[in-house]
Amino acid sequence: MPGGTTLETNTRKRVSAYAMATARDQLLLTQLSDSSPVFLPGLWHLPGGGIDPGEQPVQALARELYEETGLDLLDARLVDARTYAAHRNGVNWHLVALFYAVELGPGPLVVTETGGSTRTAAWRPLTGLPTAQLSPAAIDALGMISGQDAHRTYPR
């Protein structure tokens with residue numbers, strides 16, 4: 001591979017779509033369950049997840065949002081893409097994450113998928129969240145939203 005980087009043979013690749021939903025200085029986050037395949041259980045993460053074969057990214061985002069929060073996706077705008085490397089349950093992961101600024105329909109937060117990677121969903125403050133409690137993707141999303149992202153500045 002370019003730059004001298006090699007992928008180990010036990011590396012799995014995953015492309016995921018994630019929602020950055022904000023309201024009243026809060027960010028919608030989901031807490032990962034023990035079934036989380038990539039990031040550690042208990043971390044707060046963005047709603048969203050893996051794109052199934054043949055599924056369009058925004059379709060996957062809408063499906064995942066409903067499964068993890070019970071909310072409907074009204075609009076989505078691609079903001080950025082990032083990659084992450086993680087190791088969990090003996091698997092090395094190479095994750096490509098697509099970040100979308102989203103507008104959601106109203107309603108209570110309800111995890112509709114049983115046995116999935118989401119324990120709960122909650123609106124959490126945009127400031128003061130301890131990074132030790134956040135997934136790498138959630139940390140990056142906070143940077144994008146606040147305009148303090150190391151990679152690029154985004155309008156609010």
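Let's start in a loop: Asp25 is found between β2 and β3, in what is a predicted model. The chain has 156 residues, of which 45% count as buried. Its secondary structure comes to two helices and eight strands. Read from the N terminus, the order of elements is β-β-β-β-β-α-β-β-β-α.

- Asp25 has a phi near 60 degrees, which is a positive value in a residue other than glycine.
- With 61% relative accessibility, Asp25 counts as exposed, because the cut-off for that label is over 50%.
- Arg24 sits in the loop between β2 (22–23) and β3 too.
- Phi of Arg24 is also positive, near 50 degrees, and again the residue is something other than glycine.
- Arg24 counts as exposed as well, at 70% relative accessibility.

**β7 and its partner strands**

- What is the sense of the pairing between β6 and β7? The two strands are antiparallel, and their pairing runs over 14 bridges.
- Another spot worth a look on screen is Asp80, which stands opposite Phe99 in β7.
- β6 and β7 make a hairpin, with two residues between the strands.
- In that turn, Asn89 has a positive phi of about 50 degrees.
- β7 also pairs with β1, but here the strands run parallel and are joined by ten bridges.
- Arg12 has Trp93 in β7 as its bridge partner.
- Ten of the 14 residues of β7 are buried, so the strand is largely enclosed by the rest of the structure.

**Aromatic pairs**

- How many aromatic pairs turn up in a search of the whole structure? The search finds two.
- Take Tyr18 and Phe99: their ring centres are 6.3 Å apart and their planes are at 50 degrees, so this pair is tilted.
- Tyr18 belongs to strand β1 (residues 11–20) and Phe99 to strand β7 (residues 91–104), so the pair ties together parts that lie 81 residues apart in sequence.
- Tyr18 counts as buried, with 4% relative accessibility.
- Phe99 is buried as well, and its relative accessible area is 0%.
- Then there are Phe39 and Tyr84, with ring centres 6.2 Å apart and planes at 80 degrees, so this pair is edge-to-face.
- Phe39 is in the loop between β3 (26–32) and β4 (44–45), while Tyr84 is in strand β6 (residues 73–88), so the pair ties together parts 45 residues apart in sequence.
- Is Phe39 buried or exposed? Phe39 counts as buried, at 8% relative accessibility.
- Tyr84 is buried too, with a relative accessible area of 11%.

**A charge over a ring**

- Arg124 lies over the face of Trp44, at 4.7 Å from the centre of the ring.

**The second largest pocket**

- The second largest pocket holds about 260 Å³ of space.
- Its lining is made up of 23 residues.
- Which of the lining residues lie nearest the centre of this pocket? They are Arg14, Pro37, Gly49, Glu68 and Ser117.
- The elements that give two or more residues to the lining are β1, β3, β5 (48–50) and α1 (57–69).
- By residue type, the lining of this pocket divides into seven nonpolar, eleven polar and five charged.

**The loop between β7 and β8**

- Leu109 is found in the loop between β7 and β8 (118–125).
- At 26% relative accessibility, Leu109 counts as partly exposed, because that label covers values between the cut-offs of 20% and 50%.
- Leu109 and Thr120 are eleven residues apart in sequence, and their C-alpha atoms are 8.5 Å apart in space.

Technical notes: Residues numbered from 1 in each chain as written. Predicted model: local features only at pLDDT ≥ 70, side-chain atom pairs only at ≥ 80, totals over all residues. Heavy atoms only, no water. Phe/Tyr/Trp six-rings, centres within 6.5 Å; stacked < 30°, edge-to-face > 60°. Helix = DSSP H or I, 4+ residues; strand = E, 2+ residues; numbered from the N terminus. Buried < 20%, exposed > 50% of the residue type's maximum accessible area, 1.4 Å probe, protein only. Lys NZ or Arg CZ within 6 Å of the ring centre and 35° of its normal. 1 Å grid on protein atoms, 1.4 Å probe; cavity = no way out; pocket = protein on both sides within 12 Å on 5 of 7 lines; lining within 4 Å. Points joined across faces, edges and corners; volume = space filled by probe spheres on them. Nonpolar A, V, L, I, M, F, W, Y, C, P; charged D, E, K, R; others polar. Pairing = 2+ DSSP bridges.
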